[in-house]
Every structure is written in structure tokens, then in C-alpha cells.
Amino acid sequence: CSALQQLPPEISCLTNLQSFIVDECATLQQLPPEISALTNLQCLDVSYCKTLQQLPAAIGSLTKLQTLD
């Protein structure tokens, strides 16, 4: 993902997604607040995303999230 700076809000349609891995995505700057719609998400890996500025507050509503890296 050499040019990915942000994810589209339509990511909220992926409600059954369990693992989301975008590690080493050097240009990713933000995750959309719509990520809170991923109610079955168990693993979110944003490790080594060096330009990721912050996680959205909505990430706190992901009750099934077990791993955040």
C-alpha cells in the first residue's frame, strides 16, 4: 500500500470483517471513524504505519477487538 493515505468511509460495509491488517503501510495517515461499524473486528494491525497520526475515538466501541498492534 505504497500510496494509501486514508481508508474510505465505505469500510463500514465490512461488518463481518474479523481481521484487518495494514501493517507497514507507510503513507496511511488516518483511520475513518466509520471503523466503529466493524462490530466483529477482533484484530487490527497498523504496526509500522509511521504516518498514522491517531486512532479514532470510535475505536473504543469495538467490543470484540482483542488485538491492536
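Modeller: A residue is called buried when its relative accessible area is under 20%, and exposed when that area is over 50%. Please keep in mind that this is a predicted model.

Biologist: Is S47 buried or exposed, and why?

Modeller: S47 has a relative accessible area of 13%, so S47 is buried. S47 lies in the loop between β2 and β3 (67-68).

Biologist: Which residues does S47 touch, leaving aside those up to four places away in sequence?

Modeller: On that count, S47 touches D23, E24 and D69. Across the chain, buried residues make up 32% of the 69 residues.

Biologist: How many helices and strands does the chain have?

Modeller: There are 0 helices and 3 strands, and the order from the N terminus is β-β-β.

Biologist: What is the mean pLDDT of these elements?

Modeller: Strand β1 (residues 19-21) has the lowest mean among the elements, 95, while strand β2 (residues 43-45) has the highest, 97. The chain as a whole averages 92, and 99% of the residues score at least 70.

Biologist: How does the radius of gyration compare with that of a compact globule?

Modeller: For 69 residues a compact globule would have a value near 11 Å, and the chain has 11 Å, so the two agree. The C-alpha trace spans about 30 × 20 × 20 Å along its principal axes.

Definitions and conventions. Residues numbered from 1 in each chain as written. Predicted model: local features only at pLDDT ≥ 70, side-chain atom pairs only at ≥ 80, totals over all residues. Heavy atoms only, no water. pLDDT = per-residue confidence, 0-100. Helix = DSSP H or I, 4+ residues; strand = E, 2+ residues; numbered from the N terminus. Rg over C-alpha atoms; globule rule 2.2 N^0.38 Å. Buried < 20%, exposed > 50% of the residue type's maximum accessible area, 1.4 Å probe, protein only. Contact = heavy atoms within 4.5 Å.
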